Amino acid sequence: MKINLANIKKAQKLLNIGECIGIPTETVYGLAGNAYSNQACKKIFKLKKRPMNNPLIVHYYSKKELSKDCNINESFLKLYKKFCPGPITFVLDLKKNTKISKIATNKKKTLAVRFPKHRVTRKLLKVLKFPLAAPSANISSKVSSVCSSDVKEDFGERIKYILEGGKSNIGLESTIIDVRNNPRILRLGGIDVSNIQKVLNKKIIINNNPSKISAPGQHKLHYSPGIPIRMNVKKVKKKEAYILIKKRKTNKSNYFFLSKNGNLKQAAKNLYSILRKIKKNKYKSIAVSRIPNKGMGKTINDRLNRASKF
Ligand code: TXA
Ligand code: MG
């Protein structure tokens, strides 16, 4: 996709005056605003109907810009070198003199940061004089957006602009890792934990279902299409939408296939669009056939499990 510089200029102009806009990333679309501006960050919470105690992820062009706001360490550097820009979010300690808005962090002393890979958003981050606070561009607790029309569907005229970037290539949110002490995974996501383990050369704790919530994406109900979901279903009910990992020959209109031949990356990319489509087609419930619990399949199962706690 060729980058349209006029679009980047328009996005830049709006962000400079404290507006919020939709931005593409390789994971999902974000609802972005100036992370140094209380006004912009307040707007993000309001638009998403997000509880104010759920802090925002901040997006940077590179670690050079980040070093003004956060303390970095060896684990961060190893993972940054291997996976960034890419679908990984780090929890780090904020520096005392940071300019990050206290609204964005809910006055926490930590910050979740990410370096998105999408070319269009990288170009935007490069020209801006501030990093972008950008949670997923969806109404709080609902399904994330993987293309500009999803963002439009959720926010309509309430946001002034959506920067076009095509369909998100990964389709599920980033992996979140707290790298401050012993590295801990807080949310499964676009990067397989086994690959993270290889880079750090140690076993990593997965802590995405804690009794004390430190990343509200860990909350039980999340990523929800707003109708009940049953998991690992072999026999679908007549009026249920049925999600299957792999295409089958059938003329049943209630069957939805995540991929052609069972490819888990393909399935991840299609998951949220299919959930939105099922909702639009007015189905009242969803059944999901078993999805292999490996690689991206783990993240797909994590999202569907949370969405099923309806
Ligand atoms: O792929 C992604 O990460 C997308 C794209 C747009 O970058 N963003 C995204 O943002 O998924 P959001 O806000 O929907 O999810 C971010 C998660 C939330 O569950 C939030 O609670 C958690 O990150 N989080 C934010 N700040 C945190 C912090 N300081 N410590 C722990 N978790 C934090
Ligand atoms: Mg979200």
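This note goes through the packing, backbone and salt bridges of a predicted model.

1. Ground rules. The model is predicted, so local features need pLDDT of at least 70 and side-chain atom pairs count only at pLDDT 80 or more, while totals for chains, interfaces and linings use all residues. Residues are numbered from 1 along each chain as its sequence is written, chains are lettered from A and ligands numbered from 1 in the order written, and side-chain values use heavy atoms, without hydrogens or water.

2. Main core. The largest nonpolar core has 44 residues. (Such a core is a set of buried Ala, Val, Leu, Ile, Met, Phe, Trp, Tyr and Cys residues joined through side-chain atoms within 4.5 Å; buried means under 20% relative accessible area, exposed over 50%, partly exposed in between, with a 1.4 Å probe and protein chains only.) Phe90, Val113, Phe115, Ile177 and Ile196 have the most contacts inside it. Elements that each supply at least two residues include helix 2 (38-48), helix 4 (74-83), strand 4 (88-93) and strand 5 (110-114). (Helices are DSSP runs of H or I, at least four residues, and strands runs of E, at least two, numbered from the N terminus.)

3. Second core. A separate core of 29 residues includes Val146, Ile227, Leu258 and Ile291.

4. Phe90. Beyond four places in sequence, its contacts (heavy atoms within 4.5 Å) include Phe76, Cys84, Val113, Phe115 and Ile177.

5. Cis proline. The Cys84 to Pro85 peptide bond is cis, with omega near -5°. Pro85 sits in the loop between helix 4 and strand 4. Most peptide bonds are trans.

6. Positive phi. Two non-glycine residues deserve a look. Lys107 has a phi of about 60° and lies in the loop between helix 5 and strand 5. Lys107 is exposed, at 67% relative accessibility. Tyr223 has a phi of about 55°, in the loop between strand 9 (205-206) and strand 10 (229-230). Tyr223 is buried, at 3%.

7. Salt bridges. The whole structure has 16. (The criterion is a Lys or Arg side-chain nitrogen within 4 Å of an Asp or Glu carboxyl oxygen.) Glu74 and Lys78 pair at 3.7 Å, N to O; they are four residues apart in helix 4, so about one helical turn separates them.

8. Longer link. Glu153 pairs with Arg276 at 3.0 Å. Glu153 is in helix 7 and Arg276 in helix 9 (residues 264-280), so the bridge ties together parts 123 residues apart in sequence. Arg276 is buried, at 7%.
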